Amino acid sequence: MENFEPVIVAFCCHYCAYTAADMAGSQRLPYPSNVKIIRVPCSGKVDALHITKAFEKGADGVYVAGCLDGDCHFKNGNDKAAKLVTYVQNYLEEIGLEPERLEMVRISAGMGDRFALIATEITEKIRKLGPSPIKTVAA
Amino acid sequence: MITAERKPLEEIIEYIKPFKRILLLGCNECVTVCAAGGRKEVGLLASGLQLALLKSGSSIEIREHTLERQCDPEYVEELVPMIGSEEAILSMACGCGVQQLATRFKDKPVFPALNTKFMGGSLSQGVWDERCKGCGDCLLGLTGGICPIAKCAKQLMNGPCGGSTDGKCEISDDVECAWQLIWNRLKALGQEDRFLDIMPAKDWRSGGGGGPRKIIREDLAE
């Protein structure tokens, strides 16, 4: 448990969070390698099944990163994503997983520092929560 | 359409716990439209069940499939080649589909994953309301297109009752008084006179009071 390195899947919107991750790289800002980024055309494109499958395949935490309020390239995909995340958090609770393992965050394309900060904070949060009970069972 | 909602995961798990291989079966009709039992919901339930079972240390093989319609024998017949090795069927159709499966596959346990709710329509995305009780003797032509059987809590044939205040029903401020709606509508149509006609007590034999109902179209039936 002491050496536990969480696996975190981040669904990042192409127009904001993914670009912010690039920005973090260009600025040489370090963030934990635990975070595995999946680029999506809009955070609103993320489906509940993508999230549950990530947990099924062994993720300890998942977050969906969309644009800031009112900044969605497709009008309101980020707000839809936020609703979906709440819906899936309830589903995770029903399944018996801590809903805190899933989070919605909002980042603009220029916020490389915020991307790195969020990646670090979420990694630490999941580290404290411990390994996903699914992985423990599967292993 | 027929609306439905998924049962609590705990109840579904109780049904399928004794089995190692199940078929999780969706339906492409009403339950797809009301986002309860279509292909997408089949995937999400299968994933949720896997997670919940893995967490409790057990596992199950779930085969996912969605039929065009579960309430028609022609479509259910498609399952015959694939059903052999499945120990049970978990259906995400309405009660009609579940019963169709139970009738066709007599040696397979069939379980419902949904609670069938009501016949309704969509108010806006993600919101459905009840519109029809299937009473078998439609009154909508007399009531301005608003059903007092489905929308009045007391199913009054002549309303409103004393519980109607400012257009709301006494059971909740969220429920509109059906008879107020009927009055408004008749007025808009210039048919206020119709409101004075006393409607006789309803004969519920056509609404299920005479036992299970059946329709036989002699020209179509074989």
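Read from the N terminus on, chain A runs through its elements in the order β-α-β-α-β-α-β-α-α, where helices (H or I, at least four residues) and strands (E, at least two) are DSSP runs, numbered from the N terminus. The radius of gyration of chain A, taken over C-alpha atoms, is 14 Å, close to the 14 Å that the globule rule (2.2 Å times the number of residues to the power 0.38) gives for 139 residues, so chain A is as compact as a globular protein of that length. This is a predicted model, in which local features need pLDDT of at least 70 and side-chain atom pairs count only at pLDDT 80 or more, while totals for chains, interfaces and linings use all residues. Residues are numbered from 1 along each chain as its sequence is written, and chains are lettered from A and ligands numbered from 1 in the order in which they are written.

Along the principal axes, the C-alpha atoms of chain A fill a box of roughly 40 × 30 × 20 Å. Of its 139 residues, 47% count as buried, which requires 20 or more other C-beta atoms, placed from the backbone, within 10 Å of the residue's own. Among the contacts in chain A with a separation of 6 or more, 81% join residues 24 or more positions apart, a contact being two residues whose C-beta atoms, placed from the backbone, lie within 7 Å.

In chain B, four strands form an open sheet with parallel pairing, in the order β3-β2-β4-β5; two strands pair if DSSP finds at least two bridges between them. Its edge strands, each pairing on one side only, are β3 (61-67) and β5 (110-112) of chain B. Direction ignored, neighbouring strands of this sheet are turned by 25 degrees against each other on average, with axes being lines fitted to C-alpha atoms, for helices over the stretch in contact, and angles running from 0 to 180 degrees between N-to-C directions. Within the sheet, strands β2 (residues 21-27) and β4 (residues 88-91) of chain B pair in the parallel sense over four bridges, and Ile22(B) stands opposite Ala88(B) in β4(B).

Two helices of chain B can be followed against these strands. Helix α3 (residues 39-55) of chain B lies across β2 and β3 of chain B, at about 170 degrees to β3(B), whereas helix α5 (residues 95-104) of chain B lies across β2, β4 and β5 of chain B, at about 175 degrees to β5(B).

Between the chains, 12 residues of chain B are in contact with 15 residues of chain A. On the side of chain B that touches chain A, α3(B) supplies the largest share, nine residues.

Note on methods
A residue is buried if 20 or more other C-beta atoms lie within 10 Å of its own, exposed if 12 or fewer, and partly exposed in between; C-beta atoms are placed from the backbone.
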